[in-house]
Amino acid sequence: MSDNIFTQYISNRNTLVKNKKALQTTYIPDQLPHRTDQINEIVSIFSAALYGDKPSNIMIFGKTGTGKTAVMSYIGQELKKADPNEDKSVYVYVNCEVVDTPYSILYNIANQIIPDSEMRIPFTGWVTDKVYNELREYIDKKRKVFIIVLDEIDRLFAKAGEDIFYLLTIINEVLTNSKVSLVGISNNPKFIEFMDPKVRSRLGEVRIIFPSYDASQLEDILQARALMAFEDGILEDGVVPYCAALAAQDTGDARRSLDLLRIAADIAERNGDPSVTEAHVKSAKNKIELDAVAEVVRTLPSQSKTVLMSIIVNTEEGHNKMTTGMVFSTYKEVCNLIGCSILTQRRISDFISELDMLGIIYARVISLGRSGRTKEIELSISKDVINIIKNDDMFRNVSSYHPSKQMTLI
DNA sequence: TGTCCACTGGAAGGGAGGGCTT
DNA sequence: AAGCCCTCCCTTCCAGTGGACA
């Protein structure tokens, strides 16, 4: 192969990770440490399906990164192994973060279980009732137990209301040959309280809690993945406990601890280092935090970005702290420079509160006595993140701009 | 103690746009 | 295709507020 811009990276490739898949959060290992009780409970309920009985509906609650989705995927795989030809049971998984309307839920379930050769439900065009009826008829015809897993079910409830849950929970009353069992997964245990009591009790026949992992449990999980991913001697001794401790400090999120380990290994590889050290984990932590804020800032709506740019402009003029009025008058001038419409101060006040909630700025309500009551606003992002906004295409005319004299400086 | 300022933040409602239903 | 409904984004209105100041 002739030399080109990729050659040096290919020839100098330093691979510390022998099995990158094992460090992916989507990878489902053969063992899920510290989730045996939950797995056993769910399996004992699901086993009814293999005898043709209807398993109870289950609601699973637990914070992000507590293994809810991983456990359900694992059990789904195992169920398929126990019933490889789907003679008795069919396992269906739907992520309600992506699929969040009644029509799309039914469409998604139907297209997972009905082969194209038998029927294809169109992406749009049918009345929801028609999809429901077709799905119900197909399910009944098959004389099997259908286990339908609805991940992030609280999002579906927030977006689509409870009608879809009502339809799904009463389906067994109109089925004569088949049975449907529902599993809802949510990180918000409160949402079910807002449901109609009948739907609530049907949906949550059994409730299973996935507690957050503590540092030593996270360490076990990481250790198992590290064994799969790295050759001996590549990871320095303290690395796994350190990743586990950092993630445990947060919310006991196993996903976060895996991210730390994977990104630390990436950094070590790119530096050409022979092993992964705690220093690499520290860099990984900084990178994750910076990336998260940068991503939030990059994807802000344009009006929100303009408000943030106005705050940046004021800060660079030496006003580290400013009022809503100051931000608004700079905002109007920035709008004129970039040619976007000017919203009202009331609306800008909301944007300021949203930026505060996102942790991009710090805003608190203060009283300046005779000078009125307002918010005191200051930036709370790093230079790197500020540069992302300043280099945004929409602000190319703003680089040489200085705001008019502000009358109400703090 | 009352006044005043520069807002805050809740409420109501309009308009646009998108998805669902007929 | 047209109507309906919902959500989102925004405006308008306005009562309420904390503290400096007279």
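By class, the residues around the largest cavity split into three nonpolar, two polar and three charged. In that count, Ala, Val, Leu, Ile, Met, Phe, Trp, Tyr, Cys and Pro are nonpolar, Asp, Glu, Lys and Arg are charged, and the others, Gly among them, are polar. The names to look for are Gly 76, Leu 79, Lys 80, Asp 83, Glu 86, Ser 89, Val 90 and Tyr 91. Helices (H or I, at least four residues) and strands (E, at least two) are DSSP runs, numbered from the N terminus. About 40 Å³ of space lies inside the largest cavity, and the structure holds one cavity of 30 Å³ or more.

A word on what you're looking at: this is a predicted model, where local features need pLDDT of at least 70 and side-chain atom pairs count only at pLDDT 80 or more, while totals for chains, interfaces and linings use all residues. Residues are numbered from 1 along each chain as its sequence is written, chains are lettered from A and ligands numbered from 1 in the order in which they are written, and side-chain values use heavy atoms, with hydrogens and water left out.

Now for the open spaces. On a 1 Å grid over the protein atoms alone, a cavity is a set of points where a 1.4 Å probe fits but cannot get out, whereas a pocket is an open set with protein on both sides within 12 Å along at least five of seven lines; lining residues have an atom within 4 Å of a point. Grid points are joined across faces, edges and corners, and the volume is the space filled by probe spheres set on the points. The largest pocket holds about 730 Å³ of space. Its lining has 37 residues, with Thr 25, Gly 67, Thr 69, Ala 70 and Arg 255 nearest the centre. Two or more lining residues come from each of α3 (68-82), β2 (89-95), α6 (153-160), β4 (179-186), α10 (215-229) and α12 (254-271). Helix α3 gives the largest share, five residues. Sorted by class, the pocket lining has 15 nonpolar, twelve polar and ten charged residues.

Where does the largest pocket lie? Domain 1 (35-210) and domain 2 (214-297) both give residues to its lining, so the pocket lies between them. Chain A is also assigned a domain 3 (300-395); the bounds come from an automatic or database domain assignment. The C-alpha centres of domain 2 and domain 3 are 35 Å apart. Their contact (heavy atoms within 4.5 Å) takes five residues from domain 2 and eleven residues from domain 3.

Helix α12 has 18 residues and reaches 26 Å from first C-alpha to last, close to the 26 Å expected; the expected span is 1.5 Å times one less than the number of residues. Its buried residues (under 20% relative accessible area, with exposed over 50% and partly exposed in between, using a 1.4 Å probe and protein chains only) include Ala 254, Leu 258, Leu 261 and Ala 265. Among the elements covering them are α10, α11 (239-250) and α13 (278-298). Over in α15 (residues 324-338), 15 residues reach 21 Å, close to the 21 Å expected. Here the buried set includes Val 327, Phe 328, Tyr 331 and Val 334, and the cover includes α14 (302-316), β6 (322-323), α16 (345-357) and β8 (373-379). Just after α15, Gly 339 takes a positive phi of about 75 degrees.

Between α1 (7-11) and α2 (36-50) sits His 34, a non-glycine residue with a positive phi near 65 degrees. Tyr 27 is in the loop between α1 and α2 too, and counts as partly exposed at 24% relative accessibility. Tyr 27 and Arg 225 are 198 residues apart in sequence, yet 9.8 Å apart in space, C-alpha to C-alpha. Leaving aside neighbours within four places in sequence, Tyr 27 is in contact with Lys 21, Ala 22, Arg 225 and Met 228.

Not counting residues up to four places away in sequence, Ile 192 touches Met 59, Phe 61, Arg 200 and Arg 207.
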